[in-house]
Amino acid sequence: MKAAVVFEKGSIPQYADFPDPEVKENEILISVKAASIKNLDRARAGGNHYSTENQEHRPTVIGTDGAGYLENGDKVYFFSKKGTVAEKAVADKKMIIPIPEELDFSLAAALPNAVMGSAMALKFKTGLQPGNTILINGATGITGRIAVQMARLYGAGKIIVTGRNEESLQSLLELGADEVVSLKLEGNDFKQKIKEIHKVTPIDAIIDYIWGHSVEMLLSALKGDGTFSHKTKLVTIGGMSGDTIQLSSQILRGTDIQISGSGLGSWTKEESHFLFSKIIPEMFQAAAEGKIKMETQDVDIKNIETVWNAEIQSGKRLVIRI
């Protein structure tokens, strides 16, 4: 079969011949039509993700999810760590989800990862309740944009978003955000703005996609003064602005704040099952009905080498068509 293959650790994937996947017990074969490329896939391909750093590298098909047909003609989305950017792929039967007929393969391939990066945090890590105030830090990225829409679908009372791209930030108001705060503000101005918002509508949860200095400013803005403080949950999903922060113990001692993360390895088996059996199917249907919007940039698999390091238009997910 033809596939996008990384032959040497850290190298650009190549369009090449590769052996057909072996179908083992409890697995099923999929004829792939589209597969999304995400930060997770780039990190795994380069051997830089925590899920691959202890593995010996060998020629590997890239990709972790996709959409295509089963042998009986059923249209499905699937998740697999065995490689998905190929003409054929295998996946655990429990990691397959039917796709509505009216939903395009590209959107079906691109949407689930963004749903994983938002729904799991909103539903399980923050325990979002109708009427809650949610702040999404770094919301102008693809997953942040989906988080805004899902927070609205889940009944958030107020959604505050932060980001650096002013045009993208303003466009989030059309997707359900109530208030925008630019990360281009001077540090003290940014913190003062967050303090003012928190005083009027206490922030119940922060979904963070970028970590780094912006989170330091958010925590500083929420820091208590020794009196009773509002409980806030901060859930980190990404580290685009840096993987570490400086955290004063005074913030933790003087503020009712809970910090956790959401990502591969942080979910229970029950939560993962719920993601595939309930959450993603609901979001597929919402997308088919136009209630969830997402843009993709589609590229033929033959051009994988050209597009791998190319800049993708802001707000779009790269999808490889096979």
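Trainee: What is the strand order in the open sheet of six strands, and is the pairing parallel or antiparallel?
Mentor: This is a predicted model, to begin with. The order is E11-E10-E9-E12-E13-E14, and the pairing is parallel.

Trainee: Which strands stand at the edges?
Mentor: Strand E11 (179-182) and strand E14 (257-261). Each has a single partner strand, so one side of each is left without a neighbour in the sheet.

Trainee: What does the twist average from one strand to the next?
Mentor: The average is 15°.

Trainee: How many bridges join E9 to E10?
Mentor: Four, between strand E9 (residues 133-137) and strand E10 (residues 158-163), which run parallel. Opposite Ile 136 you will find Val 161 in E10.

Trainee: And which strands does H3 touch when it packs on the sheet?
Mentor: H3 touches E9 and E10, and its direction makes about 175° with that of E10. Helix H6 (residues 212-222) lies across E9, strand E12 (205-208), strand E13 (232-236) and E14, and runs at about 150° to E9.

Trainee: Back to H3. At what angle do the axes of H2 and H3 cross?
Mentor: Roughly 55°, with the axes of helix H2 (residues 105-125) and helix H3 (residues 142-153) coming within 8 Å. The two helices are therefore oblique to each other. The crossing of H2 past H3 is right-handed.

Trainee: Which residues meet there?
Mentor: From H2, Leu 111, Ala 114, Val 115, Gly 117, Ser 118, Ala 119 and Leu 122; from H3, Thr 143, Ile 146, Ala 147, Met 150 and Ala 151. By class, that contact has nine nonpolar, three polar and no charged residues.

Trainee: Changing topic: how many salt bridges does a search of the whole structure find?
Mentor: The search gives 12.

Trainee: How many bridges do E1 and E2 pair over, and in which sense?
Mentor: Four bridges, in the antiparallel sense, with strand E1 covering residues 2-6.

Trainee: What order do the strands take in that open sheet of three?
Mentor: E2-E1-E4, with antiparallel pairing. The edge strands are E2 (14-17) and E4 (60-61), and each pairs on one side only.

Key:
Residues are numbered from 1 along each chain as its sequence is written. This is a predicted model: local features need pLDDT of at least 70, side-chain atom pairs count only at pLDDT 80 or more; totals for chains, interfaces and linings use all residues. Side-chain values use heavy atoms; hydrogens and water are left out. Two strands pair if DSSP finds at least two bridges between them. Axes are lines fitted to C-alpha atoms, for helices over the stretch in contact, and angles run from 0 to 180 degrees between N-to-C directions. Angles under 35 degrees count as roughly parallel, over 145 as roughly antiparallel, 65 to 115 as roughly perpendicular and the rest as oblique. A crossing is left-handed if the near helix is turned anticlockwise from the far one by less than a right angle, and right-handed if clockwise. Contact means heavy atoms within 4.5 Å. Ala, Val, Leu, Ile, Met, Phe, Trp, Tyr, Cys and Pro count as nonpolar, Asp, Glu, Lys and Arg as charged, and the others, Gly among them, as polar. A salt bridge is a side-chain nitrogen of Lys or Arg within 4 Å of a carboxyl oxygen of Asp or Glu.
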